Amino acid sequence: MLPIVASGAIVRNYVMLQPHSLLWHYLWVAPCVILAFLALLMWRRGLHREFPAFFSYAIVEPVGVGLLYVLDVSPVSPTIYWRSSFSFLVVEAFIKLVVIGEVFTHLLRRYPSLGRIAKVTISSVGIILVFTATTIAAYANPTHFWLISATRILGRSVSVVQCGLILFLFLFASHFHLSWARSVFGIAFGFGISACVFLAHWALMADWLLGQKSYLLDFFNMAAYHVCVLIWSYYLLVPQKSATTSAVSLPENSLAIWNRELERLLQQ
Amino acid sequence: MNLAIVLVVAAVVALGIMLRLAITRSLQAKRTAGLTAAIHPIDVEAFRNLINPAEDDYLRRRLPAKQFRVVRRERLRAMATYVHMVGRNAAVLASLGQSALAGGDPRVAAAAQQLVNDALLLRRNAAVALARIYLALAWPSSGFAAMRVVDGYEQLSGTAMLLGRLQNPAVPIRLSALL
């Protein structure tokens with residue numbers, strides 16, 4: 001038998017992991033407030049000119065999620081809630097794709113020699129991902145309430161595309177050893193984490209694997225998103241430590257070897 | 001259900017890759033000083049001989065078809081090793097160039113930018129060449145040209161030397177004496 005205090009803690013944890021618990025309200029509202037505050041600070045620091053798409057996202061997301069929160073806690077019909085949720089998902093997906101494009105543009109700005117191959121490869125990857133997402137959507141298990149199914153299937157398909165694009169972005173930058181600007185990396189990293197978590201979340205939700213317990217996934221999803229908002233705030237607002245960079249020089253031995261090879265070629 | 005599990009596994013793998021790349025990025029930023037040791041010298045002339053189409057034609061004429069395919073595969077594997085090394089060197093030089101970009105001297109910055117551009121171009125060409133080499137390994141009788149990689153590498157070496165000369169004027173560069 002559990003001690004009274006321990007069992008009390010278990011009961012409290014169980015209550016906290018219920019929909020409409022204090023934790024549930026916090027995880028839904030807090031990221032929106034932080035993101036709205038981040039948008040305000042971005043505006044004050046002039047970052048909205050540098051990252052207009054992310055700035056738009058930082059405004060639209062709190063408004064949309066806040067509206068859904070109000071609808072959820074107010075006595076409206078489930079149809080109105082799910083219609084709003086579906087519409088917001090469409091808008092959100094569009095803005096997220098624009099933000100990914102913005103990150104890609106910032107990343108490649110200093111590397112004109114990669115411009116063409118980058119455009120070709122990201123277009124190809126995008127087409128493959130859309131085709132994959134469409135195929136996955138075709139294998140969905142719809143239920144009698146089509147609006148919930150449609151929302152979850154759309155969420156899953158959009159997550160496949162977003163997760164794939166951001167993963168490609170990281171792999172592309174890694175292959176070519178591209179250097180990320182701090183803020184651009186922060187945006188991409190936050191979006192990467194949220195895209196992966198959303199993909200897993202929507203994949204389980206779309207197939208109704210957890211049934212009535214699916215709200216537990218919401219907690220995980222909201223907590224992960226909270227972390228992502230904190231990552232964006234950190235990378236966009238906290239200034240980079242000014243590292244004392246000494247002049248990098250190429251090694252003498254390496255230069256000599258190449259020089260010898262070039263001499264031989266010139267003498268041919 | 002299977003699809004959901006596949007997608008969850010894919011999401012976890014993708015998250016793992018992103019976290020790993022993020023950690024690698026932060027570590028690389030601290031290790032720039034040791035990058036120069038990662039550059040491996042490459043015998044451009046030997047590579048040029050290896051990809052010379054005339055030598056392939058000669059071997060094709062002199063050897064029976066079966067033996068030619070065996071020899072050709074060996075040459076392609078050696079070629080792949082060279083190209084892989086060229087690509088790695090290009091990546092290291094790209095990182096070095098990006099570190100040098102932070103310097104205040106505009107001449108050094110311009111040379112560093114040129115080095116980065118050339119290195120990235122070469123890394124791209126090396127990737128394409130590697131893909132073509134592996135494709136040629138399946139069909140050893142097909143023709144293949146990797147001359148763009150050699151030309152790119154020569155150009156990159158020249159740019160690297162220019163950057164080195166700008167950063168360390170005291171270091172004697174024999175090419176400058178030759179020119």
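1. Two residues count as in contact when their C-beta atoms, placed from the backbone, lie within 7 Å. This is a predicted model. On that basis, and setting aside neighbours within four places in sequence, His48(A) touches Met42(A), Trp43(A) and Phe55(A).

2. His48(A) belongs to helix α3 of chain A, residues 47-50. Phe168(A) lies 120 residues away along the chain, and its C-alpha atom is 26 Å from that of His48(A).

3. Helix α2 (residues 22-45) of chain A packs on helix α9 (residues 215-237) of chain A at about 20°, with axes 9 Å apart. The angle makes α2(A) roughly parallel to α9(A). Their crossing is left-handed.

4. Which residues of α2(A) meet α9(A)? Among them are Leu27(A), Trp28(A), Pro31(A), Ile34(A) and Met42(A). The α9(A) side includes Phe219(A), Met222(A), His226(A), Trp232(A) and Ser233(A). By class, this contact has 17 nonpolar residues, two polar and no charged.

5. A second pair is α5 (residues 78-108) and α7 (residues 146-175), both of chain A. Their packing angle is about 10°, and their axes are 10 Å apart. The two helices are therefore roughly parallel to each other.

6. From α5(A), the contact includes Trp82(A), Arg83(A), Phe86(A), Lys96(A) and Phe104(A). From α7(A), it includes Leu147(A), Thr151(A), Gly155(A), Gln162(A) and Leu169(A). The α5(A)-α7(A) contact counts 17 nonpolar, five polar and two charged residues.

Key:
Residues numbered from 1 in each chain as written. Chains lettered and ligands numbered in written order. Predicted model: local features only at pLDDT ≥ 70, side-chain atom pairs only at ≥ 80, totals over all residues. Axes fitted to C-alpha atoms, helices over the stretch in contact; angles between N-to-C directions. Helix = DSSP H or I, 4+ residues; strand = E, 2+ residues; numbered from the N terminus. Parallel < 35°, antiparallel > 145°, perpendicular 65-115°, else oblique. Left-handed = near helix turned anticlockwise from the far one by under 90°. Nonpolar A, V, L, I, M, F, W, Y, C, P; charged D, E, K, R; others polar.
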